[in-house]
Amino acid sequence: MGMYLMRQIGSRGTYGNPILPDFMVFLNWKELPWYWYGFDSFPFAMLMVLLAPGLLAFVFGWFAFRSRVTGVYLSIITQALTYALLLAFFRNDMGFGGNNGLTDFKDILGFNVQAQATRAALFSMTCVMLIAGFLIARGIVVSKLGKVVIAIRDAESRTRFLGYRVDRFKLFVFTVSACMAGVAGALYVPQVGIINPSEFAPANSIETVIWVAVGGRGTLVGAALGGVVVNYAKTIFTSGFMAPYWLFALGALFVFVTIFMPKGILGTAQDWWEKRRRPVPTTTPPEPAPAEGRA
Amino acid sequence: MIASSPGQLTSSLLYLDGVSVSFDGFKAIRGLSLTIEPGEMRAIIGPNGAGKTTMMDIITGKTKPDVGTVMFGGSIDLTRLDEAAIANLGIGRKFQKPTVFDFHTIEDNILLALKAPRTVARTLFWKTAAAQQKRIDDILGIIKLGDARERLAGSLSHGQKQWLEIGMLLAQDPKLLLVDEPAAGMTDGETAETAVLLKEIARDHSVIVVEHDMGFIRELGVKVTVLHEGSVLAEGPLDQVSANERVVEVYLGR
């Protein structure tokens, strides 16, 4: 999205080059790198929004899941990957503006990105996409595929012995979530007005985990709810005298939720509601320990 | 013994010959040979560390043998396939520790095991047909969990989990079932019912049962193979095997 917006600046940049973005002129680049071609077209850019992260996730997931990298090791490798990307994109030679990133956007589809109407439209689009993302995720979760994925989470080798190719199911959900993240990024860039490599920082992935923990693990609404709550808190915290303490507050929030609300806002609210309606619980919850086949 | 050439058809459903595997120098299986005929039920016994579970790991593709032949249905080389491919060929496995999907309902556990296409696309757009629903209902009846279908599998007792897992094997409709200690941790009453259930299953499936419980094996009344230190020590009816001096020696220590 940033690349599209850069190309839309055209000759209105500081250096007035109709093709090259300012940072390339500044670095004395003579022509547009091949991977910038096509990004002046909105449909092409939108296709890439889905395709680029989807493809990266597919290739990465293909190797990781085939080698049966699981659990905390997978988390570490994905974090290492985004950190590697962070370092790579910080280099000016990469052709994405180095540590300044892409900014100074002018318009999107001919509308001024700073105009109130455009911003309202982008915000509405974000809501529409949130609902679309929710519906897609919901469709996956309630399907038999969703059941297979839960089965993999709880007893991976059992699922394999039932004849499911566990790696392909993981690859599917990994790729779908990468595409969703791509859409989220494309909506983020024009509304924030800048995108630079620091967004690759592993802290961002950790923050996402906190959204889910706060909202309610194992639910779809909880993830969205957590995202809104944590970011609202972030807005309040980072814009006043408390700004230096935001990361401490975030950490404290995570610790608080883990200890006192292990099911997050949604799970806690549900429990409270159930208790009010039916004081005596009749079902015993199963042990959460993941059952694996004997080694 | 003549090594089997590719494409040769043996009449056996499962054929292991000269199979060896070692872990860090420890030979878990050494020169194991075993054949299972179609429709046969076989009990496998042996002291701890005899290689019973490793043998199941080899058949189901979890462990690759260092040397040896593992053929299924006369012509399929199992050593070249992974777990999912072997499961889809028709080899089902029940683990020693009952392994069901705790956070799924009992009915969903059976649905997941039900013989059906296992690809990503086909499961995403899955609709349970009436015939398949009937099959699920039948299996729930056989394992006596029909009334509990909406309950989470994690809330079942140990014995019920064992049955649910046997039900999942039935749903897979495999040609060969590998059952690891189905009576472990069961009450005497449950053990007897499990023996009846397995005999019922053995009518139209081949079954390999690994078990320590001699009483249970006597109830099954089938041919017994005794494993010791990774190879076959004795084979035959239970009475004959338990009269074998070597077997007694191995079981009671020398």
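Domain bounds here come from an automatic or database domain assignment. This is a predicted model, where local features need pLDDT of at least 70, side-chain atom pairs count only at pLDDT 80 or more, and totals for chains, interfaces and linings use all residues. Residues are numbered from 1 along each chain as its sequence is written, and chains are lettered from A in the order in which they are written.

**Exercise 1.** Find the domains of chain A and describe the contact.

Step 1: the assignment gives domain 1 (2-200) and domain 2 (201-278). Their centres, taken over C-alpha atoms, are separated by 24 Å.

Step 2: twelve residues of domain 1 and six of domain 2 of chain A make the contact (C-beta atoms, placed from the backbone, within 7 Å).

Step 3: on the domain 1 side, helix H4 (71-90) and helix H5 (116-142) of chain A each supply at least two residues (helices are DSSP runs of H or I, at least four residues, numbered from the N terminus). H5(A) gives the most, with five residues.

**Exercise 2.** Check the span of helix H9 (residues 202-215) of chain A, then place its buried residues.

Step 1: the expected span is 1.5 Å times one less than the number of residues. For the 14 residues of H9(A) that gives 20 Å, and the end C-alpha atoms are 20 Å apart, so the two agree.

Step 2: A:Ala213, A:Val214 and A:Gly215 are the buried ones (20 or more other C-beta atoms within 10 Å of a residue's own, C-beta atoms being placed from the backbone). They pack against helix H10 (220-238), helix H11 (246-260) and helix H12 (264-277) of chain A.

Step 3: next comes A:Gly216, with a positive phi near 140°.

How values were computed. Buried ≥ 20, exposed ≤ 12 C-beta atoms within 10 Å, placed from the backbone. Contact = placed C-beta atoms within 7 Å.
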